[in-house]
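Thanks, everyone, for making the time this morning. I would like to walk through one model with you, going from the overall picture to a few individual residues, so please have the view open on your own screens.

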Amino acid sequence: MIGIWGPAGIGKSTIARFLFNQVSNSFQLSAIMVNIKGSYPRLCLDEGSAQLQLQGQMLSQMINHKDIMITHLGAAQERLKDKNVLLVLDDVDRLAQVEKFSGLVLEVGLSSQQKI
């Protein structure tokens, strides 16, 4: 896991995209999830539904299939099992957002990597 941290406007997203473009060919599946903080619920919203939606978006990007619906949180692990995965999360503002994805990737397999 790699974190890129700093004030707004210094090029963190540009660096993340550049690195993604340089190394994504080395992975079986890869995706950049943008605006995680805008997609993730605040405390008053249903976190489980948000996780399902974000995992569906992630799988849609990784396998290039539009609007995949995830019905349970184990579905993404099943689809990514035994795959070499690169996942870049952009615009993260809370640790819980990272933890939800890191748990997913760690359950998929030790050969997968997560970049943030």
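This is a predicted model: local features need pLDDT of at least 70, side-chain atom pairs count only at pLDDT 80 or more; totals for chains, interfaces and linings use all residues.

As for the surface, the protein exposes about 7200 Å², of which carbon and sulfur atoms supply 54%.

Which members of the largest nonpolar core touch the most other members? Of the 16 residues in that core, they are Met33, Met58, Leu59, Met62, Leu80 and Leu87. The elements giving two or more residues to this core are strand E1, at 29–33, then H3, then helix H4, at 75–80, and finally strand E2, at 85–89. H3 provides the largest share of the core, with four residues. Apart from this core lies another, of six residues, among them Ala16, Phe27, Ile32 and Leu86.

Once its neighbours within four places in sequence are left aside, methionine 62 is in contact with Leu29, Ser30 and Ala31, with Leu80, and with Val85, Leu86 and Leu87.

Two further residues of H3 deserve a comparison. Serine 60 lies in this helix, and it counts as buried because its relative accessibility is 14%, where the cut-off for buried is under 20%. Not counting residues up to four places away in sequence, serine 60 touches His65, Lys66, Asp67 and Ile68. Isoleucine 63, also in helix H3, has a relative accessibility of 31% and therefore counts as partly exposed. With its neighbours within four places set aside, isoleucine 63 is in contact with Leu29, Ile68 and Arg79. Isoleucine 63 and leucine 29 are 34 residues apart in sequence, yet their C-alpha atoms are 7.0 Å apart in space.

Next, the backbone angles. H3 is followed by asparagine 64, which has a positive phi of about 55 degrees although it is not a glycine. Asparagine 64 lies in the loop between H3 and H4, and it is exposed, with a relative accessible area of 72%. The second case is aspartate 82, a residue other than glycine whose phi is positive as well, near 65 degrees. Aspartate 82 has its place in the loop between H4 and E2 and is exposed, at a relative accessible area of 65%.

That loop between H4 and E2 also holds asparagine 84, which counts as partly exposed at 23% relative accessibility. Although asparagine 84 and phenylalanine 27 are 57 residues apart along the chain, their C-alpha atoms are separated by 5.3 Å.

I will finish with the open space in the model. What is the volume of the largest pocket? It comes to about 400 Å³. The largest pocket is lined by 17 residues, and those lying nearest its centre are Ile4, Lys12, Asp90, Asp91 and Val92. Helix H1, residues 12–23, gives the most to this lining, with three residues.

Methods: Residues are numbered from 1 along each chain as its sequence is written. Side-chain values use heavy atoms; hydrogens and water are left out. A nonpolar core is a set of buried Ala, Val, Leu, Ile, Met, Phe, Trp, Tyr and Cys residues joined through side-chain atoms within 4.5 Å. Buried means under 20% relative accessible area, exposed over 50%, partly exposed in between (1.4 Å probe, protein chains only). Contact means heavy atoms within 4.5 Å. Accessible areas come from the Shrake-Rupley method with a 1.4 Å probe; for residues, only the protein chains shown count as cover. On a 1 Å grid over the protein atoms alone, a cavity is a set of points where a 1.4 Å probe fits but cannot get out, and a pocket is an open set with protein on both sides within 12 Å along at least five of seven lines; lining residues have an atom within 4 Å of a point. Grid points are joined across faces, edges and corners, and a volume is the space filled by probe spheres set on the points.
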